[in-house]
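Please look over the fold of this protein first, then its annotated spans, its surface and a few individual residues. The report below follows that order.

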Amino acid sequence: MIAVLEACIFATVMGGFFGIILKKNLMMKILSMDVMSTGVISCYVLVASHRGLFTPILGSGTGIELGADSGAYADPVPQAVILTAIVIGFSIQALMLVGVMKLSRDNPTLEISEIEKSNTP
């Protein structure tokens, strides 16, 4: 099961990577970057959950964990890092979309080759 998830995550990352390289439209490049970012975040979540899936919350006053043995819980630190990565990725994507909106006012197309032709001195 883990191998199938790893293969899907790898395909997502590589699909986004090749989309960034091969697509000529700026909107498609931004979308491909978002797909690649989703794959990287999924990979990080998969690696962080190898130890266990239970939350590290202690029982009420008993001193023992509910539903998990002492080492089978998920580490909360990678989860916090992933939340930060999602927020930063969203803000970067918003800034790129604003840049594309500014470019679209001056150019009738968002194809990179056409933008380069119209802005070359």
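From the N terminus on, the elements run α-α-α-α. The protein has four helices and zero strands. Both kinds of element are DSSP runs, numbered from the N terminus: helices are H or I with at least four residues, strands are E with at least two. This is a predicted model, in which local features need pLDDT of at least 70 and side-chain atom pairs count only at pLDDT 80 or more, while totals for chains, interfaces and linings use all residues. Residues are numbered from 1 along each chain as its sequence is written, and side-chain values use heavy atoms, with hydrogens and water left out.

**Overall figures**

Of the 121 residues, 18% count as buried. Buried means under 20% relative accessible area, exposed means over 50%, and partly exposed lies in between (1.4 Å probe, protein chains only). The protein exposes about 8,600 Å², and carbon and sulfur atoms supply 72% of that area. Accessible areas come from the Shrake-Rupley method with a 1.4 Å probe; for residues, only the protein chains shown count as cover. Among contacts with a separation of 6 or more, 49% join residues 24 or more positions apart. Contact means heavy atoms within 4.5 Å.

**Annotated spans**

UniProt, in an unreviewed entry, places the feature "transmembrane region" at residues 30–47 and 80–100. UniProt positions are given in the numbering used here, feature names are shortened, and annotations may be inferred rather than shown by experiment. In the model, residues 30–47 are 100% helix and 0% strand, with end C-alpha atoms 26 Å apart. Residues 80–100 are also 100% helix and 0% strand. Their end C-alpha atoms lie 31 Å apart.

Helix α1 covers residues 2–22 and includes Phe-17. Which residues form a nonpolar patch on the surface? They are Phe-17, Phe-18, Ile-21 and Leu-22, with about 390 Å² of accessible area together. Patches are made of residues with over 30% relative accessible area and no salt bridge; like charges are joined within 9 Å, nonpolar side chains (Val, Leu, Ile, Met, Phe, Trp, Tyr) within 5 Å.

A search of the whole structure finds one aromatic pair. The rings of Phe-17 and Phe-18 have their centres 5.6 Å apart and their planes at 65 degrees, so this pair is edge-to-face. Rings of Phe, Tyr and Trp (its six-membered ring) pair if their centres lie within 6.5 Å; planes under 30 degrees apart count as stacked, over 60 as edge-to-face and the rest as tilted. Phe-17 is partly exposed because its relative accessibility is 35%. Phe-18 is partly exposed too, at 43%.

Ser-32 lies in helix α2. Its relative accessibility is 9%, so Ser-32 counts as buried. Leaving aside neighbours within four places in sequence, Ser-32 is in contact with Gly-16, Gly-19 and Ile-20.

Gln-93 sits in helix α3. Gln-93 is buried, with a relative accessible area of 18%. Not counting residues up to four places away in sequence, Gln-93 touches Ile-30 and Asp-34.

**Loops**

Lys-24 lies in the loop between α1 and α2. Lys-24 touches Leu-110, Glu-111 and Ile-112, again not counting residues up to four places away in sequence. Tyr-73 belongs to the loop between α2 (26–48) and α3 (76–106). Tyr-73 is partly exposed, with a relative accessible area of 25%.

| Pair | Separation in sequence | C-alpha to C-alpha distance |
|---|---|---|
| Lys-24 and Glu-114 | 90 residues | 9.7 Å |
| Tyr-73 and His-50 | 23 residues | 9.3 Å |

Side chains of opposite charge can pair when their charged atoms come close. A salt bridge here is a side-chain nitrogen of Lys or Arg within 4 Å of a carboxyl oxygen of Asp or Glu. How many salt bridges does this rule give? The count comes to one. The side chains of Lys-117 and Glu-114 form a salt bridge, at 3.9 Å from N to O. Lys-117 and Glu-114 are three residues apart in helix α4 (residues 112–119), so about one helical turn separates them. Lys-117 is exposed, with a relative accessible area of 59%. Glu-114 counts as partly exposed, at 38% relative accessibility.
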